[in-house]
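Let's walk through this model together, from one of its helices out to the loops.

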Amino acid sequence: MQDTSKQYDAVIDTCKSLFIKKMSDYGSAWRILRLPSLTDQIFIKAQRIRSLQKNSVRKVDEGEASEFIGIINYCIMALIQLEKGVVEQPDMTTEAATKLYEEKVALTKKLMEDKNHDYGEAWRDMRVSSLTDLILQKLLRVKQIENNKGKTLVSEGIDANYQDMINYAVFAMIHLNDKEK
């Protein structure tokens, strides 16, 4: 589990670094995005990953890793939007956004650790393509919950689905990083 924790942190450090750099370039323009817009951005990234996994020809020189990073960052933005709400104008400093980013990651990592304890790190025996499919399934669930105006009868809410997508994307990144070594 200690290895997983370090690997998890390394992936998140990469994602957070990009998030901070984009905050410097664009400010908090993402704060105007409604949840369905963020969900659709994540969906586009997951569909591209699936396409890359199925097709041998690539027309854009970006691989799966950059798309998984995008999924992680968009999911964290969605968790922040769930808490703070949507605004009409960018309203957040890089420091404030980074603090919220770190809070959402801490909660999501704790969830991962709890599930890893119960599941015995079963994800280590999964394929990256299966993790991609699980992310797509979670996205379809989120879209349905959004269509139901956030209401569920017996299922977990949107926040838990975003957290699961973050964790699946981190697991995929760990697999991709291990494959590179």
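**A tour of the helices and loops**

Buried here means under 20% relative accessible area, exposed means over 50%, and partly exposed covers what lies in between (1.4 Å probe, protein chains only). Helix 6 covers residues 158-180. Its end C-alpha atoms are 33 Å apart, in agreement with the 33 Å that 23 residues should span at 1.5 Å a residue. The expected span is 1.5 Å times one less than the number of residues in the helix.

Before going further, a word on what you are looking at: this is a predicted model, in which local features need pLDDT of at least 70 and side-chain atom pairs count only at pLDDT 80 or more, while totals for chains, interfaces and linings use all residues. Residues are numbered from 1 along each chain as its sequence is written, and side-chain values use heavy atoms, with hydrogens and water left out.

Now step back to the whole chain. It has six helices and zero strands; helices (H or I, at least four residues) and strands (E, at least two) are DSSP runs, numbered from the N terminus. The radius of gyration is 16 Å, close to the 16 Å that the globule rule gives for 181 residues, so the chain is as compact as a globular protein of that length. That radius is taken over C-alpha atoms, and the rule is 2.2 Å times the number of residues to the power 0.38. Along the principal axes, the C-alpha atoms fill a box of roughly 45 × 40 × 35 Å. Of the 181 residues, 43% count as buried. Look also at how the chain meets itself: among contacts (heavy atoms within 4.5 Å) between residues at least 6 apart in sequence, 82% join residues at least 24 apart.

With 15 of its 21 residues buried, helix 3 is largely enclosed by the rest of the structure. Just after helix 3 comes G85, with a positive phi of about 85°.

What about positive phi in residues other than glycine? E121 has one, near 55°, and sits in the loop between helix 4 (94-119) and helix 5 (128-147). E121 counts as buried, at 16% relative accessibility. K149 is not a glycine either, and its phi is positive at about 60°. You will find K149 in the loop between helix 5 and helix 6, where it is exposed, with a relative accessible area of 73%.

R127 counts as exposed, at 61% relative accessibility. Its C-alpha atom is separated by 13 Å from that of K54, 73 residues away along the chain.

Finally, which residues does L134 touch? L134 belongs to helix 5 and is partly exposed, with a relative accessible area of 24%. Not counting residues up to four places away in sequence, L134 touches M126 and Y168. L134 and D164 are 30 residues apart in sequence, and their C-alpha atoms are 9.0 Å apart in space.
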